[in-house]
Amino acid sequence: KHWPLPRCSFATESMSKRIRTVWILVLFSCGLLLSPGGCIPKRLAAIGGMGTMLSPSAKHMVSSVAKFKVVHLRASAQAERIARWKEHGAKLVEDLDEVLDADVDALLLCVGKNGDDLPILQRACSKWAGTGRAIFHLSTVSPSFARAAGVHCRQNGIRYANYPLTGGPSGAEQGTMLLLASGDRKLYDEYLPVFELLGTPRFFGEDDGRGAEVKLQGQMMVFGGLVGISSATAASFAVLQESPAKSESVADFMDFLNGGAGSTKQWDVAVSRGVRQGDWSEGFQLHHAVVDAIYAADMAQELRLSSVVRNQLLCTAASFSYILGEYKSNRIATQALVRELSNSAGLDAFLKPFWTCIADFPKALEMVVGSMPERLQKRVLLDVSQDSFQLS
């Protein structure tokens, strides 16, 4: 049986995270805080714990509130992140089944997109059926995926919630991420003190897919700001009759211009890295961004938003697809868009077939997805239903 954390009249969600956490520790020290095993800490497993967004949990999760018992060790894991988890006290295992065999209360899953996470959820539901354990799905997936996953998990006696993360690597490191929660309200209340250690959770209702929708609304803002600031930056280089490269003068000008009404955070977190530092590779990776743009465009269609919204997102996704094709073997981040908007011949030629079908959204969407590298096409997996979760 899963016992909820007690709620006190003065321990409300409006409290600062620090005050609430201190109160939790006081309750724990008095033996008043209960969990499935009797007393906190919550026993957690992580798949995706070596990633940028979840690995800082090793330092944020204090033992009196939550403890990771086991973390999946992927082959490409960075040594620093491995060391963090060892210091935390988690067991590192290479076999996913060994993660799922651990005696834990909940799984935190933060791996990738629909196509990445589907087989993991299939295995988790098969192994955990009827246990009442919880799966917190922290990846950015499509709303339809989250809804289908929620139904499938509950049918198998497992609690499920999709809480996408936003705030970037710095937010993850500093514990200031936003956790976009929806689904089971009782589950949210029970684990709220755990997730407050990672950032600022907010509950958006009992629709399993609402958290995913909120994340994609945020991505609409990201991509709109990115295209705007990239266009203005490309224009600066064009005025100077220069190709985009590291340039302190352009960086200084854009610092000034971004102080006006068109200001966007995308200058600070993305484009300025390329212009000021000459760094076009680190940041929001295009192989993630292109899929998010596809999901956002598909959601815009589902919500019957204007073609202005849908087509801007599809055009952005197609531009990302082109850049990924040009830099096949290298890390490349969203600020690389600036270079293609200036040296536009290749990008314009790539987009030419897209313009002929842009009025037909399903066809345009299929064309953009089909232009992506094959490995990314498999990750998108837009056509998801409850049947998709059945093991073959």
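This is a predicted model: local features need pLDDT of at least 70, side-chain atom pairs count only at pLDDT 80 or more; totals for chains, interfaces and linings use all residues.
Ala106 stands opposite Ala134, a residue of E5. Between E4 and E5 comes helix H5 (residues 114-128), and together the three elements make a right-handed β-α-β unit.

Strand E5 is also joined by four bridges to strand E6 (residues 159-162), again in parallel. Here Phe136 has Ala161 of E6 as its bridge partner. The chain passes from E5 to E6 through helix H6 (residues 143-155), and this β-α-β crossover is right-handed.

Strand E5 covers residues 134-137. Ala134 and Phe136 point one way from the strand, while Ile135 and His137 point the other way. Are these four residues buried or exposed? All are buried.

## Nonpolar cores

In soluble globular proteins, nonpolar side chains tend to be buried together. The largest nonpolar core in this model has 48 residues. Val275, Val290, Ile294 and Leu314 have the most contacts inside this core. Helix H12 (residues 286-302) gives the largest share of the core, 11 residues. Another core, of 38 residues, lies apart from the largest one; Val71, Ala161, Tyr163 and Val194 are among its members.

## Contacts of Val275

Which residues does Val275 touch, leaving out those up to four places away in sequence? They are Thr233, Phe237, Ala245, Lys246, Ser247, Val250, Ala251, Trp267 and Trp280.

Terms used. Residues are numbered from 1 along each chain as its sequence is written. Side-chain values use heavy atoms; hydrogens and water are left out. A nonpolar core is a set of buried Ala, Val, Leu, Ile, Met, Phe, Trp, Tyr and Cys residues joined through side-chain atoms within 4.5 Å. Buried means under 20% relative accessible area, exposed over 50%, partly exposed in between (1.4 Å probe, protein chains only). Helices (H or I, at least four residues) and strands (E, at least two) are DSSP runs, numbered from the N terminus. Contact means heavy atoms within 4.5 Å. Two strands pair if DSSP finds at least two bridges between them. A crossover is right-handed if, with the strands pointing away from the viewer, the path from the first strand over the helix to the second runs clockwise.
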